[in-house]
Amino acid sequence: MARRIERSDKDVDKNILTMPAEPSNEIMFDKIGNIITSKKAPSCTVSRYNLSCGVCAAMIVPGDSMFPLSNNKQGGGLSWVHKACHTLFPLGVPPPPTCRHWARLGRCPTYEAGVCAFGHDEKHRGTAKSQKKWGGKRTLVRNSHKNTAFRIFLMKTYGLDFLQRGVVLDVAGGKGELSWELKNLMGVESVVVDPRPLTLSGIERKWTQGMFEPKRFGPVFAKWYPACEDGCSKRNPERPLHLRCFFEADTFSRLAKDGDTDDTSENWFLRERTKAKAIKWTTKGLQEGGQNNEHHEEDAPCEIDEEETNNEVDNLGVAASIIKRSKLVIGLHPDQAAGEIAAFATDLGLPWCIVPCCVYSDMFPKRRLQDGSQVKSHSQLLQWFSEVYPEAKVTTLDVEGKNQVVYTTIQSSP
């Protein structure tokens, strides 16, 4: 006669488990060889939250080992169970639900680290190519998380020690969220170069909500957040410094080499800051002082809160010092500044890393490939970078949209 274990949590079916009274072998199989149940202790993960056990209904608290269990009810979802409760299954614990990352993408970082409690059967392994490009489940990181994906790429490619040695120049940094992440999540001094004011209220709201605390994302991903600790949301985050001007390779190179802060440079700096503040930005990008007929990878807001313009560098001497201490120049969808970034960094012998987006062929009619054809497409732009900078490498970032990364390493930089 079967007995049932019920729980009071109304969010889960009250009759999620039916357990035979008599135990059987260590592992039971169905007619085609699939595991039905196992008496072995299941693979577990460590809880980061308070939740009810799906078997005993007692609380699972942060730090407890637990394993997932599918509800019997069709489409009934998932329950979490204390590790110790596996002994309450006389016939053994059913196989765990298949890991959604494994099923969709064919990979799982937590499984590779040995701490994923879900199933990773090879026959359920998916591939990115098997998914629909549009309309189906996503196989890439959402565009809204591209800053994090690019930041992790920088850490993998250059190493945290190198990134923390000097300044990372974030050219065309837009809202400033990438530099904010580098500064607050990794302890890297990153400075935004962009004529637009920074908009950081959204990401700072996530900080105060504890979204960047290790207990939120777990031990497997903690290595990508080396400057964060449990309780870090209680302290105020630091905003990155901001050079509010357009990026000009020649002028920035001169300031980096000579530290030139004469009247000519002072006038240039004042003029650039005044120009930047006069520029109007809409969802179609730059509307004054230049033509923009191409779609931006990230729409700029029609109105930006000018109260978020603090941390702007208004002293040329400070600006020159920042540029002089640069160790890496980056650009995530930097629009027209892509070529300027590579030229500036190469002139100073610095590594650079960009994710090009728009081509702006009308603005750069002299940009030609070795066969003489004008650069008019994104693929031609990537080819142009490879031809002009043969030391550069090209790889793909796991994000939506334009995701080809063109970069030089520390060793390959002149």
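**View 1. Trp-180 and Phe-212, two buried aromatic residues.** Trp-180 is buried, as is Phe-212, where buried means under 20% relative accessible area with a 1.4 Å probe and protein chains only. The model is predicted, so that local features need pLDDT of at least 70 and side-chain atom pairs count only at pLDDT 80 or more, while totals for chains, interfaces and linings use all residues. Residues are numbered from 1 along each chain as its sequence is written, and side-chain values use heavy atoms, with hydrogens and water left out.

**View 2. The packing of helices α5 and α6.** Helix α5 (residues 177-186) packs against helix α6 (residues 201-208) at an angle of about 30°, their axes 10 Å apart; helices are DSSP runs (H or I, at least four residues) and strands likewise (E, at least two), numbered from the N terminus. Axes are lines fitted to C-alpha atoms over the stretch in contact, and angles run from 0 to 180 degrees between N-to-C directions. The two helices, α5 and α6, are therefore roughly parallel to each other, a term that covers angles under 35 degrees. On the α5 side the contact (heavy atoms within 4.5 Å) is made by Glu-177, Trp-180, Glu-181, Asn-184 and Leu-185, and on the α6 side by Ile-203, Glu-204 and Trp-207.

**View 3. An aromatic pair between Phe-153 and Tyr-407.** These rings form an edge-to-face pair, 5.4 Å centre to centre with 85° between the planes; rings of Phe, Tyr and Trp (its six-membered ring) pair if their centres lie within 6.5 Å, and planes over 60 degrees apart count as edge-to-face. Phe-153 belongs to helix α3 (residues 146-158) and Tyr-407 to strand β18 (residues 404-407), 254 residues apart.

Conventions:
Angles under 35 degrees count as roughly parallel, over 145 as roughly antiparallel, 65 to 115 as roughly perpendicular and the rest as oblique. Rings of Phe, Tyr and Trp (its six-membered ring) pair if their centres lie within 6.5 Å; planes under 30 degrees apart count as stacked, over 60 as edge-to-face and the rest as tilted. Buried means under 20% relative accessible area, exposed over 50%, partly exposed in between (1.4 Å probe, protein chains only).
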